[in-house]
There are 2 protein chains.
Amino acid sequence: MKREIDRSLVSGSMAMLVMKLLEGGDKYGYEMTEELRRRSDDTFHLKAGTLYPLLHSLEEKGLVEAYEREAAAGKPRRYYHLTGRGRLALSEKEETWEAYSRAVYRVLKGVECSAGA
Amino acid sequence: MKREIDRSLVSGSMAMLVMKLLEGGDKYGYEMTEELRRRSDDTFHLKAGTLYPLLHSLEEKGLVEAYEREAAAGKPRRYYHLTGRGRLALSEKEETWEAYSRAVYRVLKGVECSAGA
DNA sequence: TGACATATATAGGCGACCGATATATAATCC
DNA sequence: GGATTATATATCGGTCGCCTATATATGTCA
């Protein structure tokens, strides 16, 4: 079931979603793409070309920390850990998201704010 | 009250919101920025530099039609009308938006899909 | 006269995200 | 043995959404 989402609507929230995944425990990149796809019910297809630069930029900002660990087989994995500042940034982004989606809802459903319409 | 939203989260849905405004009747550009600000409870500050190019592109795609009308005073106003194709595109965008925000909700709230977590 | 609100318009730029491509390792299949 | 696929990370170049800055013209009010 491929419910591919219009890319123009998907912008901006990937950093929040990735950090949200890390809230539940340290993870490596490839794992995140899989988990995001599963948890979003196949809605988000986070690409490698998006994810890895995103993780690097989060690391630069001190929102995540990385460490390498060998896997049972294959290439060693680069795990990411959400820092304290990362948790703070995440909760801010969540608040922002909720305000944003509430506002969209208000416009779409025609809810007027105190002015009865 | 200035609840300015992080721009990186606001991307992508402006075309939908603008068409939604036009669903309630023909409007001119400046009017839309005011109404969007009001209907979103001061969350969306749609700028002229965003709106007018957006309206032009919607017109090119045949989703809206424009006509000029003189105002009681000041510059003549350019009204926009949502076409049939525009209404169709709008309802698609609304569906897309709802699927997207539902998916974000699922990730944020940790709702697993049938796999009990 | 000069500031401000109304009203539309474009150029230039920034940043998010993706496609294409490259890399290395291991398993599977023929 | 060779080809393909899955795992795993990485970068470059490009597209596209939105904004800042700027320009334009008109009317009002101090």
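Guide: By class, the surface near DNA strand C in this predicted model comprises seven nonpolar, 10 polar and six charged residues. Around DNA strand C there are 23 residues, and those that come nearest are A:G12, A:T50, B:Y30, B:Y52 and B:R77. Of the atoms of DNA strand C that come within 4 Å of the protein, 72% belong to sugar and phosphate.

Several elements each supply at least two residues of this surface: helix 3 (48–60) of chain A, and from chain B helix 2 (29–39), helix 3 (48–60) and strand 3 (77–82). Helix 3 of chain B gives the largest share, four residues.

Backbone atoms of the protein also approach phosphate oxygens of DNA strand C. A polar backbone atom of B:R78 lies 2.9 Å from one, and for A:M14 the distance from a backbone N or O atom is 3.3 Å.

Helix 3 of chain A, one of the contributing elements, also packs within its own chain. The axes of helix 2 (residues 29–39) of chain A and helix 3 of chain A come within 10 Å and cross at roughly 120°, so the two helices are oblique to each other. The crossing is right-handed. On the helix 2 side the contact involves A:G29, A:Y30, A:M32 and A:T33, which meet A:L51, A:Y52 and A:L55 of helix 3. Five of the residues in this contact are nonpolar, two are polar and none is charged.

Definitions and conventions
Residues are numbered from 1 along each chain as its sequence is written. Chains are lettered from A and ligands numbered from 1 in the order in which they are written. This is a predicted model: local features need pLDDT of at least 70, side-chain atom pairs count only at pLDDT 80 or more; totals for chains, interfaces and linings use all residues. Side-chain values use heavy atoms; hydrogens and water are left out. A residue is near a molecule or strand if one of its heavy atoms lies within 4 Å of it. A polar contact is a pair of N or O atoms within 3.5 Å; within protein, one must be able to donate a hydrogen and the other to accept it, and residues adjacent in sequence count only if both atoms are side-chain atoms. Ala, Val, Leu, Ile, Met, Phe, Trp, Tyr, Cys and Pro count as nonpolar, Asp, Glu, Lys and Arg as charged, and the others, Gly among them, as polar. Axes are lines fitted to C-alpha atoms, for helices over the stretch in contact, and angles run from 0 to 180 degrees between N-to-C directions. Angles under 35 degrees count as roughly parallel, over 145 as roughly antiparallel, 65 to 115 as roughly perpendicular and the rest as oblique. A crossing is left-handed if the near helix is turned anticlockwise from the far one by less than a right angle, and right-handed if clockwise. Contact means heavy atoms within 4.5 Å.
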